[in-house]
Amino acid sequence: MNLFDLPGPQFLAFYAMLGIVVVGAVYYLKKHGEAGEPVRLPSSDPYLIAYLRGGAVDAVRLGVTVLVDRTLLVIGGNDEVSCRDGVTPRHGSNDLERAILEQCATPQSPRDLVVSPRLTGVARRSYEPLLLHMQLLAGSEQRQRRGLHAGIAIVVLVTVAAIKVAIGLSRHRPVSFLVISAMVFSVLTLFTIRGRRTARGDRVLDDLATLFDALRGRASELRPYTATNELALLVAVFGLGAVPLVAFPFRRALTPREAATSCGTSSSCGSSSSGSSCGGGGSSCGGGSGCGGCGSS
């Protein structure tokens, strides 16, 4: 039986199954081709972990967090980050920390600081080559292989759809659903090959999350200026959102989106006409800490 002679609804069902198989094959080839023996990242370098998890911006955000907790940086009342008096770049323990301290010789907006091209460039040069060498980040070879598999898959999807569309048009049948299906599965194929990490990198990150799950569980017990190494690992593996806001209020300054969302969704803050009523300790504002940015934003 010629598949292209199937009636429209039946062919659409066949094409849906074909699309699922093709997209699944691309996903399998990606995972299988990039898998391998797990490697162990040195937990003594949380910056490497942070770069693997979130890239250069997260590495810079970790650096600012560590330097604030080491009291080398301070966050002022207007949320600007600057060096404490007497602090010089030499107080940094690595190139990224030194670059952050150098840039913070003058007050910096946290939002601009974490996306600074200079700082993200330092992070990229410091950590990306090793992660590429360990095949935890997708290099040019992996990206080319992903692109090849996706290209073949899309050619198959488009060719099958195009033949049926041509037949349908010649018979004056509607083909819009088939065209949409071809577009959807092609986009899904491209989405499947996305990702800066390899399958091995994802596995390493999952292993780290399991390894440090206990640290995340007792995050509420951490206190500022006393356990910087543990704080650094917590941020590196799980992100700044895992840091308790009550103990580390500077987290809000480093996550401006969170501050905007908190103030924008709180009915108490949204209806308040002044900053003082927002910081008055109402329960809806989380005891004053949940809306600390309303008055200053």
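In this predicted model, Arg-70 is partly exposed, with a relative accessibility of 30%. Arg-70 forms a salt bridge with Glu-97, and the closest N and O atoms of the pair are 2.8 Å apart.

Helix 4 spans residues 95–103, and its buried residues are Leu-96, Glu-97, Ala-99, Ile-100, Leu-101 and Gln-103. The buried residues of helix 4 pack against several elements: helix 2 (46–54), helix 3 (56–69), helix 5 (110–114), helix 6, strand 1 (73–75) and strand 2 (81–83). The N-terminal end of helix 4 is capped by Asn-94, which has a side-chain oxygen 3.1 Å from the backbone nitrogen of Leu-96.

The structure holds 11 salt bridges in total. One of them links Asp-202 with Lys-31, with 3.5 Å between the closest N and O atoms. Asp-202 lies in helix 9 (residues 199–211) and Lys-31 in helix 1 (residues 8–33), so this pair ties together parts that are 171 residues apart in sequence. Asp-202 is partly exposed at 23% relative accessibility, and Lys-31 is partly exposed at 27%. A further salt bridge joins Asp-58 to Arg-53, where the closest N and O atoms are 2.7 Å apart. Asp-58 is buried, with a relative accessible area of 14%.

Lys-164, in helix 7, is buried but has no salt bridge. The nearest side chain of opposite charge is that of Asp-5, 6.0 Å away, and a salt bridge requires the nitrogen and the carboxyl oxygen to be within 4 Å. The side chain of Lys-164 instead reaches the backbone oxygen of Phe-4, at 2.7 Å. Apart from neighbours within four places in sequence, Lys-164 is in contact with Phe-4, Asp-5, Leu-6, Phe-11 and Leu-178.

Helix 7 (residues 140–170) also contains Ile-152, which is partly exposed at a relative accessible area of 49%. Together with Leu-148 and Val-156, Ile-152 forms a nonpolar patch on the surface, and the three residues have about 260 Å² of accessible area together.

Leu-130 is located in helix 6 (residues 117–133) and is partly exposed, with a relative accessibility of 40%. Leu-130 and Leu-48 are 82 residues apart in sequence, while their C-alpha atoms are 8.7 Å apart in space.

Technical notes:
Residues numbered from 1 in each chain as written. Predicted model: local features only at pLDDT ≥ 70, side-chain atom pairs only at ≥ 80, totals over all residues. Heavy atoms only, no water. Patch = residues over 30% accessible without salt bridge, like charges linked within 9 Å, V, L, I, M, F, W, Y side chains within 5 Å. Areas by Shrake-Rupley, 256 points an atom, 1.4 Å probe, with all protein chains shown as cover. Helix = DSSP H or I, 4+ residues; strand = E, 2+ residues; numbered from the N terminus. Buried < 20%, exposed > 50% of the residue type's maximum accessible area, 1.4 Å probe, protein only. Lys, Arg positive; Asp, Glu negative; His and termini not counted. Polar contact = N/O pair within 3.5 Å; in protein donor to acceptor, adjacent residues only side chain to side chain. Contact = heavy atoms within 4.5 Å.
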